[in-house]
Amino acid sequence: LDAGAKAIRVLLNQGGLKLLQVVDDGSGIMVEDFPLLCERFATSKLSSFDDLQSIATFGFRGEALASITHVAHVTITSKTEAQDCAYRASFRDGKLVPPQAGQSKEPKPIGGVRGTQIRAEDLFYNVPIRLQALKSHNEEYRRCLDVVTQYAVHYTGVSFSCKKTGATKADVHTLARATRTDTIRSLYGVKVSRELLEIEHKDDTFGFELSGLVTNANFSTKKFTLVLFINNRLVESGSIRRAIKTVYGKYLPRGMHPFVYLSIKMRPADLDVNVH
């Protein structure tokens, strides 16, 4: 998303443990940047201390790729608009490594289109205790599916898909041209989409904006669905969840819940993105 992608495809095998692959059509990575790509902090978007007060991107620390290369076998393929071809390289412990013994570790030119493909294979292969703490493959897949689903709701204008390897049909598939209501209908069902109310609120004093789609009192379900984004980041907030339950508790039958999508925007300086 930071790279301006309009299509993001996620492919998983064994809940992402055997394979987690993300493909986008964003701006791509220059081949000259490959040697530093998975070094810790190398992809940080911070250039000064003051930038911490105005964080508006996802990868501001530059630690995610580096961390993954320490617990998985990572292969990255990328092409920018200016490059004649794509390049592919393998990474271990933050460093470029040969894909196979006896081969060069340098990025290899291959055919490809603009964008980036990141493959993480054999996740936690070297941390067996961490593997034991994970749920079943189906449960891990469900969790990944849930994250992709919520991002698909929030990021209209971006196409998302998520599926298991070998599957002929994606479990999540949205269109970039779809409205948010259309996306909710596709992902959560017609019954939810029919009962949605649009809400908006703005407070200039506190630099606060809220928008969303929530179900009315005619709709209720046993599962409470809250899709919450703050400054375009997916967030879990127990206090906001409890507040919504309290409000709806006056109108819905006991034990029944609503569907709520909320997007909250505030001054970046008022939000610590490390606490979410």
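Valine 227 stands opposite tyrosine 261 in strand 14, in a predicted model for which local features require pLDDT of at least 70, side-chain atom pairs count only at pLDDT 80 or more, and totals for chains, interfaces and linings use all residues. Residues are numbered from 1 along each chain as its sequence is written, and side-chain values rest on heavy atoms, with hydrogens and water left out. Helices (H or I, at least four residues) and strands (E, at least two) are DSSP runs numbered from the N terminus, and two strands are taken to pair if DSSP finds at least two bridges between them.

Strand 12 and strand 14 (residues 259-266) run parallel and are joined by six bridges. With strand 13 (residues 233-234), strand 12 pairs in the antiparallel sense over two bridges, and isoleucine 230 stands opposite arginine 233 of strand 13.

The structure holds five aromatic pairs, defined for rings of Phe, Tyr and Trp (its six-membered ring) whose centres lie within 6.5 Å, with planes under 30 degrees apart counted as stacked, over 60 as edge-to-face and the rest as tilted. Among them, the rings of phenylalanine 34 and phenylalanine 91 have centres 6.4 Å apart and planes at 35°, so this pair is tilted. The pair links distant parts of the chain, with phenylalanine 34 in helix 1 (residues 34-37) and phenylalanine 91 in strand 4 (residues 86-92), 57 residues apart. Phenylalanine 34 is buried, at a relative accessible area of 0%, and phenylalanine 91 is buried, at 0%.

The rings of tyrosine 151 and phenylalanine 229 have their centres 5.1 Å apart and their planes at 90°, so the pair is edge-to-face. It links distant parts of the chain, tyrosine 151 lying in helix 4 (residues 137-154) and phenylalanine 229 in strand 12, 78 residues apart. Tyrosine 151 counts as buried at 16% relative accessibility, and phenylalanine 229 at 0%. Ring pairs link Tyr151, Tyr155 and Phe229 into a cluster.

Technical notes:
Buried < 20%, exposed > 50% of the residue type's maximum accessible area, 1.4 Å probe, protein only.
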